Amino acid sequence: DTEVFAASLADERIRYYKNQESLFATGSRNVGIQKSKGQLVAFLDDDDEWYATKLERQVELFKNPEYGIVYSSIYLYFENNTKYSYNSQPSIEGHAYKQLLMKNYIGATPSVMIRKEALDSLGGDGSFDTQFPAREEYDLWIRICKNWKIAFVPEPLVKQYYSNDIQRISSDVDNYVRAIDILNEKYKNEVSRLLTSAEQNTRLYYQQFFLGSQAIKIGNAKLAREFFAAALLKRKNPKALLSYMISFLGAERVVSARYYLDKLMSLRSSGTEVKQR
């Protein structure tokens with residue numbers, strides 16, 4: 001009853017569009033971009049929640065005309081393991097094209113606000129690439145950050161829900177594997193041109209660790225272990241090693257260990273936040 005509910009709001013600022021056929025997340029977001037009339041674009045999925053000051057805090061930063069994207073910390077809420085919920089830690093701002101080629105430091109769409117001019121400056125590519133079965137937001141961030149600066153709000157402005165009981169698109173690990181293959185092909189020349197051999201290895205480490213994390217989110221410890229092992233082959237990292245070893249005890253143990261490790265690292269780095277300019 002989404003259509004009925006939207007009509008009941010009786011607010012002329014709210015415009016409701018219904019696809020005649022399923023366009024999935026990527027196509028639906030593109031419709032939203034095309035229909036939008038404002039100077040800024042933001043995204044909210046039906047299973048996430050914006051906090052009351054989200055838009056206000058981000059609009060303020062767009063007074064700087066060099067910013068194409070403003071993102072924020074996200075409160076990651078695990079519905080089945082609420083005690084392990086935590087805030088993401090934004091760390092990258094300014095000119096970040098090279099950093100974005102290595103890793104999606106910006107994160108998911110709900111925390112992001114984009115200057116419409118930045119989208120328009122991409123020409124015909126000023127939207128999400130529909131060839132991606134996942135990670136389409138990461139691809140868009142890379143394209144925008146090639147010519148625009150980014151900024152962040154360090155406090156969480158979004159609550160993002162995770163559940164092992166619901167098989168969402170974001171829980172399909174195969175989609176992520178295919179998406180990474182597309183990313184690698186699409187940016188292979190830029191990666192070769194801008195990243196050193198060591199940085200390219202680090203990039204591959206991040207990709208495999210990311211896949212392991214997605215497998216953990218759906219409770220598949222065995223699959224996660226394979227990705228963590230692949231990550232360790234690219235870069236010896238305590239976090240990946242710990243995740244690999246504890247995965248033998250089950251997915252929930254990995255989540256709890258990662259939670260406490262992230263908390264410890266956050267405490268150690270407090271007051272020394274790294275910002276790439």
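Which residue in β6 is the bridge partner of Ser72? Hold that thought, everyone, and thanks for coming.

A quick word on what we are looking at: this is a predicted model, where local features need pLDDT of at least 70, side-chain atom pairs count only at pLDDT 80 or more, and totals for chains, interfaces and linings use all residues. Residues are numbered from 1 along each chain as its sequence is written, and side-chain values use heavy atoms, leaving out hydrogens and water.

On confidence, pLDDT is the predictor's own score for each residue, from 0 to 100. The protein averages 88, and 89% of the residues score at least 70. Residues 271-277 stay under 50, and the model gives them 15 contacts beyond four places in sequence; contact here means heavy atoms within 4.5 Å. Where pLDDT is low, the predicted coordinates should not be read in detail.

Now the strands. Helices (H or I, at least four residues) and strands (E, at least two) are DSSP runs, numbered from the N terminus, and two strands pair if DSSP finds at least two bridges between them. Strand β3, residues 67-78, pairs with β6 in the parallel sense over 11 bridges, and there is our answer: Ser72 has Val153 as its partner in β6. Strand β2 (residues 48-50) runs antiparallel to β6 (residues 149-162), joined by 3 bridges. In that strand, Val158 is the bridge partner of Trp50.

On to the helices. Axes are lines fitted to C-alpha atoms, for helices over the stretch in contact, with angles from 0 to 180 degrees between N-to-C directions. Helix α7 (residues 173-186) packs on α9 (residues 197-217) at about 165°, axes 9 Å apart. These two are therefore roughly antiparallel, a label for angles over 145 degrees. Contributors to the contact include Tyr176 and Ile180 of α7, and Phe210 and Leu211 of α9.

α9 also packs against α10, residues 221-234, at about 170° with axes 8 Å apart, so α9 is roughly antiparallel to α10. Among the residues making this contact are Leu204 and Phe209 of α9, with Phe227 and Phe228 of α10.

Thanks, and I'm happy to chat!

Technical notes. Angles under 35 degrees count as roughly parallel, over 145 as roughly antiparallel, 65 to 115 as roughly perpendicular and the rest as oblique.
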